[in-house]
Amino acid sequence: MGSDDRGADAVLPSVVCLAGDAIADKDGRPVLVGARCNDCGTLAFPRVAVCSKCMSESFTDEPMPERGRLYSWTTVHVGPARMNKPIVLGYVDLENGVRVFSHLASGGRPLMIDQPVKLAVATVGKEADGRPIETFVFTPAETNQ
Amino acid sequence: MTSGVTVLGVGMIPFGKYPSTSIVDLAWPAVKAAIKDAGVAPADIEAAYCGTVFSGMMSGQRILARLGLSGIPITNIENACSSSSTAFRQAVVAIESGACDVALVIGVEKLTKFGGGTLPLEEEDWEVSQGMVMPALYAMRANRYMHDFGLTLEQLCMVSVKNRKHGALNEDAQMRKPVTLEEVLKSRPIADPFTLLQCCPTGDGAAAVVLCSSRVAKQYRSDAIKVVASDLTSGRYTNGFRDMTIPEITVRGAKEAYEEAGLGPEDIDVAEVHDAFSIAEILYYEAFGFCGRGEGGKMLERGETALGGRLPVNPSGGLLAKGHPIGATGAAQIVEIVRQLRGQCGARQVEGAKVGLSHATGGGISGFDHGACSIHIFTR
């Protein structure tokens, strides 16, 4: 993950994380980190330097809810060689109203529009030098508790 | 507002794959054809606008230098798939402002230089950095629409069957062979529910248009086509909920264009809309008010948008058959509408067409339905 990469100046990270510092580790669980505008309360994901509502540059990091609803999705059979195929992608509407574009991992279970999903991390590809590519994914959630 | 601008001349090269042809050599034949068709002297052209995405620095200057057209203001415009329709709109604005009387619009693109695959998007964009590709974006629209409105896969594939049938009648189309429903269904999967034949092909092309103020049009020709609406808008950014079954940028643009023209969907005789993928055409029937919400599939199935139907859509073959060299698309749609309104389209002529519409929208970036949308309405 991104936080691990930053310390390794001269050494290539052993894992490539597509999401950079938009994903963090919280007590052993992944969390997406966005920002909340200190002036108007607008949420952003990923973090931004200026608010798209009020142009404020004052933000506080905001952890995103780990659950949401799958608005739509698709299985893609083309794309960059470094990505595992097929690539399953979708839009997830989080419980705070933010929409997140994400890889999906169904673990063999069928995906359905409007189904509850929850955050995880998974390997989605492999660099030419063999390092795995990781990013956040959403997976089917048993309930929407 | 646009009663004062007319189209004098149009030209294009057949869209296709020209991997060994330069941008300049793709474009100058289209420009020369448009100038000849317009009946203007090259020296009459006072300004030029060139729409392209991947052609590099000073595309318009490089192209026009080859034809000896230099020393005039030349503006290069990038607006994704709306690049040359935006260029056309800028020419309309310039003529209306009185800055010039005669202007040239060029659209050009060479996509074969990327060697295949999906359209390269801007890696700086967040969603693109996470793996977004254009087929995925449209496929998510398709899946949500099918879920919400019960559109069938067969209905979706019928867009390709119709447009390939139209393209077979267009010598400028990249794909000239008609396809069956079975062939569309069984072509290789790209992004579910899309198979290959539901996606526009990769290709190269160029198109050009000469426009002028109505004031001077009669010096050149008596049958100039009037531009009665010229609309450009951008998408509305949100990082929250968006209904992907409603292309909001096109809905808004259509409303603006109809208001400007003083016309409505019932007045349109022929339309060229942005069918980059099969679902798009169905969404745009609804966005333009050609049918009600959720009724696009049935409208298509009834043959209403095929040649011979109530409102033929994409008689050129559209992006799916004519091809989609992205910067050239908007200008090429205008070429088709102008030829339709002049009655020059032979086997694919929409009989008695008096009012035509063109629509180019695009740009896959985070937080937008699309980045840009340009709509034009023409009358004869």
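At what angle do helix α6 and helix α10 of chain B pack, and how far apart are their axes? Before selecting them, note that this is a predicted model, in which local features need pLDDT of at least 70 and side-chain atom pairs count only at pLDDT 80 or more, while totals for chains, interfaces and linings use all residues. Residues are numbered from 1 along each chain as its sequence is written, chains are lettered from A and ligands numbered from 1 in the order in which they are written, and side-chain values use heavy atoms, with hydrogens and water left out.

**First stop: two helix pairs in chain B**

Select residues 153-167 (α6) and 278-287 (α10) of chain B, whose axes lie 8 Å apart at an angle of about 95°; helices are DSSP runs of H or I with at least four residues, and strands are runs of E with at least two, numbered from the N terminus. Axes are lines fitted to C-alpha atoms, for helices over the stretch in contact, with angles from 0 to 180 degrees between N-to-C directions. That angle makes α6(B) roughly perpendicular to α10(B), a label given to 65 to 115 degrees, where under 35 is roughly parallel, over 145 roughly antiparallel and the rest oblique.

Next select residues 83-97 (α3) and 326-342 (α13) of chain B, whose axes come within 5 Å and cross at roughly 60°, which makes α3(B) oblique to α13(B). Here S83(B), S84(B), S85(B) and F88(B) meet residues of α13(B) including G327(B), A328(B) and I334(B).

**Second stop: the interface of chains A and B**

Now show both chains, where 30 residues of chain A are in contact with 28 residues of chain B. The area buried between them (accessible area, 1.4 Å probe, lost on being put together and summed over both) is about 2400 Å², and carbon and sulfur atoms give 58% of it.

Zoom in on R144(B) and D114(A), whose side chains meet in a salt bridge at 2.9 Å, N to O; the term requires a side-chain nitrogen of Lys or Arg within 4 Å of a carboxyl oxygen of Asp or Glu. The count between the two chains is 1 salt bridge.

Finally, colour the strands of chain A: β6(A) supplies the largest share of the side that touches chain B, 7 residues.

Technical notes:
Contact means heavy atoms within 4.5 Å. Buried area is the accessible area (1.4 Å probe) that two parts lose on being put together, summed over both.
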